[in-house]
Amino acid sequence: MYDVIISGAGPSGSKCAEVLAKKGFKIALLEKDINWRKPCGGGVHHRAFYLIPKLRKLNIPKIHGIVMHSADYHKLEYRMKGQKYGTVMDRLEFDNLMRNTAIDEGAELFNKNLSLDFIVKNKVKIGIRTKSSSGTKEYYGKILIIADGMSSKLAPKSGLRSKWKTEELGIAKCAIMEGDNQLDEEFIYTYFRPYKGYGWIFPLGNKKFNIGVTTFAEDNTNYNLFSLYNQFLKDSHIKKYISNSNYKIIWTGAFPFPAEGVLEKSLYDDNLLLIGDTGGFVSPISGEGIHTSIISGNTAAEVAIKALQEEDYSKTFLKKYKSHPEIRKMIRNFKLKRSMIKFFYEKRGENLNKLLALAEKDPEFKNHVVDMFLSKSLPSQDFISKLKTVN
Ligand SMILES: Cc1cc2nc3c(=O)[nH]c(=O)nc-3n(C[C@H](O)[C@H](O)[C@H](O)COP(=O)(O)OP(=O)(O)OC[C@H]3O[C@@H](n4cnc5c(N)ncnc54)[C@H](O)[C@@H]3O)c2cc1C
């Protein structure tokens with residue numbers, strides 16, 4: 001019998017396992033395949049560093065700023081103040097770093113275990129049933145934490161929510177490429193498009209970069225993602241930075257992410273917590289979910305520790321996860337970003353074009369735009385009023 005079973009050893013699950021194991025609890029971390037490279041831009045926000053101190057010791061790219069482009073190529077360049085930096089990592093390397101940290105703290109990792117269903121006794125979820133190379137396995141625990149991402153089989157079976165619908169998703173295609181390029185390795189590059197979506201180029205160091213495009217909401221079905229990806233690679237504005245015609249493709253993949261933000265009602269139940277992508281912890285518009293998922297995993301672990309100490313695994317107790325200030329702050333921020341989508345993408349992204357054009361001319365306005373996209377603080381009423389006059 002485990003204290004906690006965590007399904008999914010991605011960033012959210014591994015962080016959660018690390019924090020719980022460090023406190024001495026018996027943790028099972030179930031993972032379908034530690035060699036799977038999750039399709040992702042691999043952009044890690046500087047705010048994630050305090051939760052992953054090991055990152056500072058690695059020889060990784062130091063990203064000091066962003067170059068944002070509107071669909072009509074107005075440009076907003078921003079360099080973070082002080083010594084702050086984020087990074088871009090290959091997800092295979094990043095995920096295994098986080099898994100190994102959890103193992104070092106004492107969590108037991110069970111690789112090649114695909115979580116299929118809950119084990120239920122007297123209407124209570126008491127464990128998780130998996131498929132492994134040696135047949136069906138059963139893991140029993142006091143608390144079950146679902147962290148197996150976007151394609152979770154357990155989340156819809158939990159009764160907390162149904163499967164995400166296509167229009168509730170973002171869908172992205174990306175690749176890691178290698179070759180001479182003209183990117184400034186201290187910056188990431190993003191491109192809003194005249195549809196709900198964007199493109200990116202993230203330098204990975206050593207002449208490598210991650211490049212991709214995404215669509216979201218109804219434009220998942222209005223556009224063909226693979227054609228958009230090919231168009232993006234050929235775009236003359238992109239060619240400015242990656243001018244070779246034969247980059248070596250190291251890896252390529254496509255995957256969805258939840259784009260609606262968190263569904264508050266579907267985060268907890270008796271013995272059960274949903275974290276990371278499974279809980280919807282991805283920022284609407286930017287699709288950023290690594291550091292928000294890690295925060296959700298860290299917070300879920302803190303609440304589970306208290307529940308284990310008080311031997312109370314009821315939903316009344318586990319509600320503390322949803323009402324935790326960190327989670328409430330993220331939910332507020334996601335809601336605000338979602339509320340701005342319609343305005344931004346109206347008339348093929350015209351308001352975003354105007355926004356970045358104005359930011360080019362007005363430094364104070366530019367700071368607000370940067371805060372709106374990059375900070376977790378909410379934009380001021382003043383700024384929101386000014387935004388409306390842009391229209
Ligand atoms: C193409 C793309 C680009 C992105 N780019 C960025 C970016 O640049 N920066 C950023 O911050 N965010 C980005 N995101 C979002 C980010 O990838 C996720 O928000 C983040 O990975 C969520 O972490 P997680 O641990 O919740 O889930 P995941 O990273 O999805 O991890 C889930 C884990 O569970 C395992 N698993 C899945 N199913 C099962 C099962 N049935 N049983 C057992 N194990 C299972 C998986 O193998 C995986 O290890 C991007 C997403 C996509 C799709």
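Tutor: A residue is buried if 20 or more other C-beta atoms lie within 10 Å of its own, exposed if 12 or fewer, and partly exposed in between, with C-beta atoms placed from the backbone. This is a predicted model, in which local features need pLDDT of at least 70, side-chain atom pairs count only at pLDDT 80 or more, and totals for chains, interfaces and linings use all residues. Residues are numbered from 1 along each chain as its sequence is written.

Student: Is phenylalanine 383 buried, exposed or partly exposed?

Tutor: Phenylalanine 383 is found in helix H12, residues 381-390; helices (H or I, at least four residues) and strands (E, at least two) are DSSP runs, numbered from the N terminus. Its C-alpha atom is separated by 7.0 Å from that of histidine 368, 15 residues apart along the chain. Because phenylalanine 383 has 17 C-beta neighbours inside 10 Å, it counts as partly exposed.

Student: Why does threonine 299 count as buried?

Tutor: Threonine 299 has its place in helix H8. From C-alpha to C-alpha, threonine 299 and valine 19 are 9.4 Å apart in space, although 280 residues apart in sequence. Threonine 299 counts as buried because its C-beta neighbours inside 10 Å number 23.

Student: Which residues are exposed on the other side of H2?

Tutor: In H2, Arg91, Phe94, Asp95, Met98, Arg99 and Ala102 are buried. They cover an arc of only 130° around the axis, and therefore lie on the same side of H2; the arc is that of the directions from the helix axis to the C-beta atoms. On the other side of H2, the exposed residues are Glu93 and Asp104.

Student: Which residue stands opposite valine 67 in E5?

Tutor: Strand E4 (residues 65-69) and strand E5 (residues 75-79) pair in the antiparallel sense over five bridges, where pairing requires that DSSP finds at least two bridges between two strands. The two strands form a hairpin with five residues between them. Opposite valine 67 stands glutamate 77.

Student: Which helix or strand supplies the largest share of the shell around the ligand?

Tutor: The ligand is surrounded by 40 residues, the closest being Gly10, Gly41, Gly149, Gly276 and Gly289; a residue is near a molecule if its C-beta atom, placed from the backbone, lies within 6 Å of it. Elements that each supply at least two residues of the shell include helix H1 (11-22) and strand E8 (113-121). The largest share, three residues, comes from H1.
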